[in-house]
Every structure is written in structure tokens, then in C-alpha cells.
Amino acid sequence: MHLLNLGILAHVDAGKTSLTERLLHTAGVIDEVGSVDAGSTATDTLALERQRGITIKSAVVSFPLDGVTVNLIDTPGHPDFIAEVERVLGVLDGAVLVVSAVEGVQAQTRVLMRTLRRLRIPTLVFVNKIDRRGARDAAVLRQMDRRLGVPLVPTGTAAGLGTRAARFLPGLGPAALEALADRDDGLLAAYLDGGVPADRLHRALAAQTRSGSVHPVYFGSAITGAGVPELIAGIERLLPRAAGDPHGPLSGTVFKIERGPAGEKAAYARLFSGTLRVRDRVAFGDGRRDTGEKGRVTALSVFGHGTDATADSAGAGRIVKVWGLGDIRIGDALGIPRRPYEHHFAPPTLETVVVPGPGTDRRSLHLALTQLAEQDPLIGVRHDELRGETSVSLYGEVQKEVVQATLADEFGLAVTFRETTTLCIERPVGSGHAVEFNKKGDNPFLATVGLRVDPAPPGAGVAFRREVELGSMPYAFFKAVEDTVRETLGQGLHGWQVTDCTVTMTHSGYSPRQSHAHQRFDKSMSSTGYDFRGLTPLVLAEALRRAGTLVHEPVHRFRLQAPADTLGALLPVLARLGAVPESTATHAAVCVLEGTVPAARVHALEQRLPGLTRGEGELETAFGHYAPVTRGTVPERPRTDHNPLNRKEYLLGFVRRVGEVADR
């Protein structure tokens with residue numbers, strides 16, 4: 001039996017979960033089509049998902065077709081939960097992108113299609129809701145062509161639009177032939193010679209779809225079932241099967257973590273090669289942690305007729321649920337890493353302090369937030385020991401509400417939040433170098449560390465290099481320096497995370513192990529990892545100070561559609577909010593503005609828009625890039641460490657920490 005791992009993606013409310021229900025019903029997996037409004041869907045299993053009518057966590061279900069078993073992954077559509085989508089993309093063989101026939105292309109539609117194209121994931125497009133009033137077919141096709149900018153192949157037309165009798169009429173017409181012939185010289189020659197047989201056209205469609213060159217478009221309704229049989233046929237005929245050698249070395253990727261009622265951890269993974277068996281000892285990690293961790297698989301399940309079932313083994317191509325690997329994290333590789341875990345979407349740009357309510361223990365809250373971050377790594381938990389506060393990074397206000405409800409429902413913890421603030425970053429503006437030598441000057445640590453910080457291109461992240469011989473001291477000391485560098489870069493000169501830089505270790509040295517006559521190890525005369533972890537922040541802070549950093553704020557791209565006669569009122573407000581219109585187009589009585597706006601001003605723009613446009617304005621925004629802060633004062637972020645920028649304060653804090661460790 002062949003396998004196909006299929007993702008369903010869409011902008012929120014386009015009907016993605018309803019389509020999942022219809023696919024399962026058509027395949028005979030469920031007896032009745034569940035309702036999002038009624039909270040009876042197969043994939044939205046969390047109580048919070050059923051209450052809110054939105055998908056929050058990705059879910060895996062399975063259904064059989066002729067000759068292929070489809071593992072279908074339903075993903076959230078709301079942009080606040082884009083991290084769930086990101087993790088799924090790396091395990092897919094193909095995707096269905098759902099577009100509403102009423103609303104058409106929306107902000108998240110464009111973000112998703114751009115990413116699917118970049119990753120070359122074969123994708124079908126399903127234009128849903130043709131039974132709804134206001135549904136369009138040709139107009140939506142034109143809009144997709146204009147705003148998505150990808151090659152589309154209509155596989156038919158819609159009839160009876162806007163009525164319960166709306167249906168899909170399949171057939172590859174002249175538009176399909178034109179789109180396919182543009183990428184197939186043989187097909188073009190056959191067309192010019194007098195015609196293309198239908199089977200030749202379908203073979204070309206399958207080949208170009210599997211290569212990610214074109215995207216077939218279907219019309220239908222998840223509610224009535226119109227067009228769904230044709231979509232299923234397209235899934236079966238046009239999308240590629242899962243590949244992989246079950247006899248090769250084990251290689252897989254973890255894309256989801258969940259905990260059971262007793263706190264037991266289960267990891268969802270896609271296997272790309274090899275076979276995983278119960279009682280196997282498996283290496284896992286993210287390729288950079290270099291932990292050498294191994295764990296024993298205590299139980300396995302694979303996905304079959306609708307749900308997962310226990311199994312003794314699972315081979316390449318499968319999605320498996322694995323128990324027993326206690327320290328495993330999202331993004332980890334099982335066995336041999338296939339490729340480094342990649343981020344396809346922007347990181348969270350908002351942050352808020354979580355305030356414990358009456359009777360909520362701070363330690364229990366920190367533990368609960370840590371577990372939530374384990375299931376969603378982009379919820380960055382930041383604990384401020386000095387102030388006794390915990391912050392979380394978020395994508396939006398809806399995610400904040402979900403975190404609050406989850407803490408209450410699953411952990412029994414009542415919390416509130418402070419005002420949401422924007423997360424900035426720092427980038428070095430030049431090169432800076434610093435070094436401290438063992439037993440010289442006022443260096444209290446038995447270590448020599450030299451570091452140079454150099455700027456890197458935007459988006460490069462952080463790279464660590466060595467200009468010293470790896471054998472010049474124990475590897476554990478080098479590892480302590482690298483780990484501490486990455487941790488220290490979490491707070492730059494202004495308190496923000498430092499990124500897009502290369503840190504090079506230029507000097508190293510240590511005091512070898514010293515013993516007294518009775519062969520007892522003398523810490524006061526011998527270097528330990530603690531010396532390198534203590535000295536590195538001081539050296540790096542000085543190198544950063546000499547390099548200098550510039551604070552950058554997140555900037556969103558916006559598309560604003562409003563009545564043309566409101567443009568005069570809109571432009572001054574956009575200017576005051578720091579928005580920069582880059583293009584203006586007028587169509588009849590409607591104007592469309594596109595440009596950039598600081599992320600910190602998006603909420604204010606959303607609030608002002610209805611009053612400025614008589615309630616007719618429509619705003620779409622999505623993260624664009626980081627730009628230097630040029631307006632007002634440079635934003636500062638309170639530090640949560642012992643501040644290596646202040647040597648005296650840092651060393652006093654270090655002495656206290658050493659004393660606390662000794663007392664234990």
C-alpha cells in the first residue's frame with residue numbers, strides 16, 4: 001500500500017476543517033460530517049477548539065483511497081498559530097490549499113502559497129463555498145492569478161453559484177492547455193500540429209503538478225460535497241507518493257509533541273528512511289545541540305482507518321507516534337538528521353508578561369509555561385529571576401487568550417497579562433573584539449577566552465566559528481563557550497536578542513587539572529566548565545560594545561482597500577503611524593494602497609480604519625522584515641540576567657551564585 005502525507009492549509013474560516021470532515025466522510029471513515037459550529041469535528045479534539053470553532057493544534061487522521069493511504073494533517077488557519085503550520089510543512093508529500101469563493105485570496109493565503117512554492121511542495125487548490133451567496137469562480141481565478149502570481153490550471157468550472165445546487169463541472173479547457181503547454185514544448189508542438197489527446201493532457205498535468213510547476217484548481221463546497229469526489233481523484237492521481245527506503249538507516253523528523261493525562265510525552269514524527277521498532281534505542285537531537293542523547297522506544301502507533309493504532313514497527317513514509325523519548329523536542333531528528341530544522345515563517349513579534357492570579361504559585365506557572373513552550377517552541381518563555389516575572393512571546397491577541405484558557409483548563413492556573421509589547425532585535429553595526437587571559441589582570445576565572453563579533457547578512461542568524469585549534473583544550477570547554485555565547489546573545493546592549501552575526505573564538509586557554517599529594521582534585525587550581533561559562537558573557541559583552549548594535553523593529557507589509565473618496569483622510573493618519581504607502585491603485589470607486597507599517601502601529605491602524613472609511617475599509621497585514629528604529633527613542637528591554645555589561649554587578653552576582661551552589 002502506497003502512502004501520501006497530505007496537508008490541508010488555508011486562511012482562517014476558508015473551510016479547511018469542514019473540507020477535512022467531508023474527505024473523511026466521502027472515504028467512509030466517519031458516518032456523519034462533523035460541524036465546526038457544533039464542535040463535532042474529528043480533528044478539532046481540544047475542548048478549546050470546539051468552544052472557539054477554530055483549529056489551534058495540528059491533527060493527523062488517515063483515510064484509504066484506491067491504492068493509497070492518505071495521512072491527512074489538518075492545520076490551523078489563524079495566523080496566531082502559524083508555528084503549527086511551520087512544523088507540518090517539512091513532513092508533507094503534497095498539500096491542498098483552500099480558498100473561499102466568497103472572500104477570495106486573503107493575507108494568509110498568500111503567505112502559505114509563497115511558502116509552498118519555495119519548498120516545492122506539490123499543491124492542489126480547492127475553491128470552497130461555491131454554494132454561498134456572493135460566491136465567484138472566474139473572478140476568484142483572476143484574483144488568484146494576480147495576487148498569488150503562480151501558474152494555475154483550472155480543472156473545470158462551477159455552475160449554480162450561490163445556491164445549494166451549486167456543482168463542479170470537471171474538464172480541462174483551453175486555459176488548462178495553455179498553462180501546461182507553456183512548460184512543455186512537446187505538448188505545445190502537439191497542440192500546434194492539430195490537437196492534444198485527453199490522456200496526453202492528463203499525463204502532463206500529473207507530471208507538472210508533482211514537480212510543483214503548476215497548481216490544479218478545483219471548485220466545490222465542503223458543506224454540500226460538491227467537487228469533493230473530483231478533488232479526491234486529483235489527490236490520488238496528481239500528488240506524489242511518500243518515498244523512502246525502509247531498509248536504509250533510520251531518519252525521521254519530529255513535528256509535534258503532546259502530553260497524555262499522566263504527563264507522558266508522545267512525539268509525532270515523519271519517517272523518511274529506515275524502520276523504527278518498539279524497544280529500539282534511538283539517537284535524537286536537532287543536529288546543533290550535539291547532546292548524543294538516546295532513548296528507548298517503549299510504544300509506537302501508526303495512522304490507519306481514521307485514527308492511530310499500536311504497532312510493533314513502522315517503515316519509511318509513515319507518520320508515527322512514539323513514546324519513551326523523554327527529552328525529545330519539536331524539530332529533533334530521529335536517527336540520522338535529514339537536514340537542519342528550518343523556520344519558514346517569521347518569529348513572534350509580540351511579548352507579554354504573565355501575571356499569576358490569586359492562589360497561583362509562580363513555580364507551578366513557570367513549569368506549565370515551559371511545558372506549553374515544549375509543544376510550541378515559538379512560545380519563547382523568558383524568566384526574569386531578578387523581578388520574579390515570566391514573559392512569553394506571541395503572534396497575536398488570540399494566542400494570548402488561548403494560553404490563558406489552556407493554563408486554566410489543563411493546569412488549574414489563573415493568570416492575567418500585562419499590555420502586549422513589540423519584540424525588537426539587535427544587529428551588530430561593525431566588528432568588535434575582546435579577550436581576557438587566564439591569571440592576568442582582574443580576570444577571576446581560570447580561563448582564557450577571546451571573541452570577535454562580525455555582522456552577517458539579514459536572516460543569517462547566529463554562527464559560531466573557531467580560529468583556535470580544537471585540540472588546544474578539552475572539547476567540553478569549547479562547548480561551554482559556544483553554548484554560553486548563544487545564550488548571552490539573547491540580550492544585547494539594549495536588552496533585545498542579537499542576531500545576524502558571526503561570533504569567532506580567537507583565543508583559548510585553561511589551567512590543567514591539579515591535584516594535591518593525596519590525589520584530590522583542586523578546583524581552585526584547575527579550570528572547569530564553570531570558569532568558561534562565567535567568563536564568556538563578560539568577553540562577549542565587551543566585544544558587542546566595541547562592535548555596536550542597532551535596534552530593529554518588526555515591519556509589516558499591508559494592503560488596504562477603501563472607498564476612493566476616503567483617501568484624503570487616510571493618508572495623513574498613515575503618515576502619523578509611520579506607514580509608508582508604496583503603491584496606490586484606483587478601480588472605479590475603490591482605492592488599494594500597499595506598503596509597510598511598523599508592527600507596533602498595526603493595532604492602532606486597525607482601530608482607526610472603520611471611522612476613516614465608513615466601516616468599508618479592509619486591511620491585510622503580514623510580517624515583512626526588520627528595519628532600524630528611526631522614530632522616537634530607542635526602545636530598551638529590561639535585562640533578566642546579572643548584566644555582563646556592568647562588570648562589578650556581574651561579578652557580585654556570580655559570587656552569590658557560586659555561594660548558592662556551594663551551600664547545596
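**Figure 1. Overview of the protein chain.** Of the 664 residues in the protein chain, 54% are buried. The model shown here and in the views below is predicted. The protein chain contains 16 helices and 34 strands. Among contacts in the protein chain between residues at least 6 apart in sequence, 73% link residues at least 24 apart.

**Figure 2. Strand S9 and the two strands paired with it, S5 and S6.** Strand S5 (residues 123-128) runs parallel to S9 and is joined to it by 3 bridges. In this pair, Val125 is opposite Val217 of S9. Strand S6 (residues 152-154) also pairs with S9 in the parallel sense, over 3 bridges. Here Leu152 has His215 of S9 as its bridge partner.

**Figure 3. The contact between helices H1 and H9.** Two packed helices are described by the angle between their axes and the distance between the axes. For helix H1 (residues 16-26) and helix H9 (residues 228-238), the axes come within 10 Å and cross at roughly 80 degrees. An angle of 65 to 115 degrees counts as roughly perpendicular, and H1 and H9 are therefore roughly perpendicular to each other. On the H1 side, the contact is made by Leu19, Arg22, Leu23 and Thr26. On the H9 side, the residues are Val228, Leu231 and Ile232. The residues of this contact comprise 5 nonpolar, 1 polar and 1 charged.

**Figure 4. The buried face of helix H9.** The buried residues in H9 are Val228, Leu231, Ile232, Gly234, Ile235 and Leu238. Seen down the axis of H9, these buried residues fall within an arc of 160 degrees, so they line one face of the helix. An α-helix has 3.6 residues a turn, so residues three or four places apart point the same way.

Figure 5. Ile257 is opposite Ala267 of S11.

**Figure 6. An open sheet of 4 strands, with helices H12 and H13.** The order of the strands is S26-S27-S30-S28, and the pairing is mixed. The edge strands, each pairing on one side only, are strand S26 (432-436) and strand S28 (462-466). The twist averages 15 degrees from one strand to the next. Strand S27 (residues 447-455) and strand S30 (residues 501-510) run antiparallel, with 9 bridges joining them. One of the paired residues is Leu451, whose bridge partner in S30 is Met505. Helix H12 (residues 475-488) lies across S27, S28 and S30 and runs at about 155 degrees to S28. Helix H13 (residues 529-547) packs on the sheet, where it touches S26, S27 and S30. The direction of H13 makes about 35 degrees with that of S27.

Definitions and conventions. Residues are numbered from 1 along each chain as its sequence is written. This is a predicted model: local features need pLDDT of at least 70, side-chain atom pairs count only at pLDDT 80 or more; totals for chains, interfaces and linings use all residues. Side-chain values use heavy atoms; hydrogens and water are left out. Two strands pair if DSSP finds at least two bridges between them. Axes are lines fitted to C-alpha atoms, for helices over the stretch in contact, and angles run from 0 to 180 degrees between N-to-C directions. Angles under 35 degrees count as roughly parallel, over 145 as roughly antiparallel, 65 to 115 as roughly perpendicular and the rest as oblique. Contact means heavy atoms within 4.5 Å. Ala, Val, Leu, Ile, Met, Phe, Trp, Tyr, Cys and Pro count as nonpolar, Asp, Glu, Lys and Arg as charged, and the others, Gly among them, as polar. Buried means under 20% relative accessible area, exposed over 50%, partly exposed in between (1.4 Å probe, protein chains only). The arc is that of the directions from the helix axis to the C-beta atoms.
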